[in-house]
Every structure is written in structure tokens, then in C-alpha cells.
Amino acid sequence: FCFSVSSLMATPKQKLNLSKSSGMSRSDGELVRRRARTSIITRTKKPQSDKDIAACYPLIVNLIHYLKRKNAFLVEGIFRTCGDYNVIHSAKQEAIENLQGNFMEIFEPLDLISIADVLKLVLRTLSGPLITSRCKRKLILAPLLLPYDDSADISITYEHAVTLYINSTLSMLTYKRFDIIQKLLSFLLRVIAHEAKSRMGVTNISTLFAPILFGMPHNAKGKSCDSFVEENTKTVELLQFLLLQAQQHPKHFKHKSNMIQSRYAIRNFEFQDKQFVMGEKIELFHRTADTSLIVFQKRIYEVPLEIMKSSFSPLKPACDSSMLRTSLRSTALRNKKFSKSSTELDQVEFNLGQRAEVLPIDSLVSSFSSLAKLNSSKKKLGSTSYRGSRVPV
């Protein structure tokens, strides 16, 4: 008992020494050390890779095409009814071992329910969800986007703009990830369209495929089961929203577009009764010859190309006055001079924010060169003596 407790508290090297003192053989000590090393490796979170996506891409695409060709969207309980576990696992293992072979020889002996289970099993055994966490964070904003202001003169409808935002966000993914998602959503929409025969509506499909597309919710330490269920419900609702958008605007989900990009305001200006402060971040998701569609504070704006070029940049400005808005508002509220919704406060923020200007590139280069010279001079001086003691410079 003492040995087992002390071994739990010891490091791998101490475990090996402890095994020698307790009469264990060298092979047993090596086994203890190897197990400790393995436990450390398994606790480390591996980065999501596209290698398995690239390897399983032909298999996944062939499974979807086979189900579509055999009209599996008319089968009652498709994706919900379970097939034979042993048959499904052996077929999946055989298909993965022969990724460059003929999949028809594997699919033909199986029924459509089993093939649908093989597709789900292959998608679940990937290193991560099809939609990456970075893409998911931006997709979550899609159902929350606010429409244009009533005074805005727009050329694209709000529903069309939201679909363009979703397509631009999904375009962040690699080609094979995007193609798998596009083909999978297309087949799932057929299943939903034939709900009278398949008995699988948008809620059933979303509940089954939300963990596959977005990943399982992380039930972190300190969180209750209610938070786990709440996060899972949000991902299911997000997939429902994506399926409805793909059903209404199918052509915008067929091909990738320009991926969503971050831009920063390089000056203070007012547009459509909204004040943009230098340094604030916006998301550019669609661009035409004359206008650009951006998202700022969960609202969509259609900005002319001239304003886009003169007011926004991919690089964050050197003088960032984005903190000015927060500091001024908190100071004013503390002094009880203005209310939260006061337009006078916004005007004060805007006027004071105009003092900041973007530094020219020449001054930035000279500043960096001066810092480099100062650092080199410090290294040459080393340290100086002061009253018999050495004091570093």
C-alpha cells in the first residue's frame, strides 16, 4: 500500500528508482516509466489535422454518392435506425484498409441502413469535427446578425447577406472539408424533403449530425450537466439554421467564395449614423465592384468601395484608440453625467477619438531603428560599478 501511494506521487524517474528499491525487475520499472509517459502524452491535446480528412475523403464521398444513387433518402429511419454493430465495424475497417480500392465490393452486401451507419462511423472517427472551432466561433454569429438600418440604401437583401456570410465563413475550411460538408448537407436536405417517407425531419437530422459537424460540447471542470445540455442544444439549433438557409439558398452552398477577413478602422468616421473609432475590428465577408458587406457589432453594413479603401486596413493601426470608447463611457457613467443611451456621450467619444492619428511608416521604421541602437549600446556597456557593488545597466 505504501509503495502504491508513493508511486502515484512520484515522477517517472522516481518511480523507476522506487521500483528498484522495492525489488521490482528492470523490465517492470521500464513498464512503469512507459505507462507514466503514455499518460502524459494522452493528456496533451493534439492539434486538429487534415491528414485523415484527405485520406478518408474518397471513402466519404463514395458513401454519400452511393446513398444518393440508391435513393436512401426514402428509407424510413435512415441515420436513426441502427444496423448490425459487427457488420458495420468490419465494413468500415475493410474500407479504410483499402482506401484506393473498389468500394462497391464492400457496399453491395450491406443494406442502406448499414451503409448510413458506416458513413456516420467514419465521420465520428476523424481526428476532429468537420467544422473547425475557429470557423464555428464565426458561424455562431450568423443567426444573431441584425438587419440593415432602415435608412440604409442597400442592393442585397438581408436574407441573401446572411447566406453570403455563412458561405464566406465556411470558405475558411480546406477544399476537402468544404466539399464533404456541401455534399453531406445536400443529401440531408433530400432526407428532410422526403420526411413523409424517411420520418426524419430537420430536428432529428440536426440532433444526430450536430456533434459530427461541430464536435461534442466540452463539459469542463466546474460546469454542470445543464451547461453541457445547453451547449449541445445551441449547436443543434445552429445546424437547423444552416440547413434552413441551405434549403432556401442552395446555390450559395455549392462553391467556395472569398473567406471572411478581419479589417481595422484606420480613422474615426461616421457611417449610417454609426461611429467607427480607429482600431475597432470589423469582418469583411463579401465584396462586389462597388460595395462591400461587413459585420460590425453584430450588424450588417453595406459600405461603398471608396469608404472601404480609405477607412479600413488589414493591419491594426499603431495608435489604437479602441479603448477610448470604453474608458470615456465608464468615466461618464461613474460621474453620472450621461445615461447609457445618451447620444451626447457618443458625440463626446467621437470628437475626442479624432485626436488620434495613424503614424507614418517612416516614423515607425526610425523608432524601431532607434530602439535597436539603444539595446545594442546597453549590451556593450554591460554593467557599471556603484560603491563597490556591480549594478546592471
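How do α10 and α12 lie relative to each other, roughly parallel or roughly antiparallel? Before the answer, some ground rules: this is a predicted model, in which local features need pLDDT of at least 70 and side-chain atom pairs count only at pLDDT 80 or more, while totals for chains, interfaces and linings use all residues. Numbering starts from 1 along each chain as its sequence is written, and side-chain values use heavy atoms, with hydrogens and water left out.

**Helix α12 and its partners**

Helices here (H or I, at least four residues) and strands (E, at least two) are DSSP runs, numbered from the N terminus. Helix α10 covers residues 175-193 and helix α12 covers residues 202-214; they pack at an angle of about 160 degrees. So α10 and α12 are roughly antiparallel. For the angle classes, under 35 degrees is roughly parallel, over 145 roughly antiparallel, 65 to 115 roughly perpendicular, and the rest oblique. Axes are lines fitted to C-alpha atoms, for helices over the stretch in contact, and angles run from 0 to 180 degrees between N-to-C directions.

| Helix pair | Angle | Axis distance |
|---|---|---|
| α10 and α12 | about 160 degrees | 10 Å |
| α7 and α12 | about 35 degrees | 9 Å |
| α12 and α13 | roughly 110 degrees | within 8 Å |

The crossing of α10 and α12 is right-handed. In terms of handedness, a crossing is left-handed if the near helix is turned anticlockwise from the far one by less than a right angle, and right-handed if clockwise. On the α10 side, the contact uses Ile 181, Leu 184, Leu 185, Leu 188, Val 191 and Ile 192, and on the α12 side Val 202, Ile 205, Phe 209 and Leu 213. Contact means heavy atoms within 4.5 Å.

Lys 120, Leu 123 and Arg 124 of α7 meet Leu 208, Phe 209 and Ile 212 of α12.

The crossing angle makes α12 roughly perpendicular to α13, and α12 passes α13 in a right-handed crossing. Among the residues that meet are Val 202, Thr 203, Phe 209 and Phe 214 of α12, along with Asn 232, Leu 239 and Leu 243 of α13. This contact divides into twelve nonpolar, six polar and no charged residues.

A search of the whole structure finds eleven aromatic pairs. Rings of Phe, Tyr and Trp (its six-membered ring) pair if their centres lie within 6.5 Å; planes under 30 degrees apart are stacked, over 60 edge-to-face, the rest tilted. Phe 79 and Phe 209 form an edge-to-face pair, 5.0 Å centre to centre with 90 degrees between the planes. Phe 79 sits in the loop between α4 (51-69) and α5 (85-97), 130 residues apart from Phe 209 in α12.

**The sheet**

Now for the strands. Five of them make an open sheet in the order β6-β5-β4-β1-β7, with antiparallel pairing. Two strands pair if DSSP finds at least two bridges between them. The edges are β6 (299-304) and β7 (312-313), each pairing on one side only. Helix α9 (residues 158-170) packs on the sheet, touching β4, β5 (291-296) and β6, with its direction at about 100 degrees to that of β4.

Strand β1 (residues 261-265) is joined to β4 (residues 281-287) by four bridges. Tyr 264 has Lys 281 in β4 as its bridge partner, and on the β7 side Tyr 264 stands opposite Ser 313. The β1 and β7 pairing runs over two bridges.

Four bridges also join β4 to β5, and these two form a hairpin with three residues between them. Leu 284 in β4 stands opposite Gln 261 and also opposite Ile 294 in β5.

Methods: Ala, Val, Leu, Ile, Met, Phe, Trp, Tyr, Cys and Pro count as nonpolar, Asp, Glu, Lys and Arg as charged, and the others, Gly among them, as polar.
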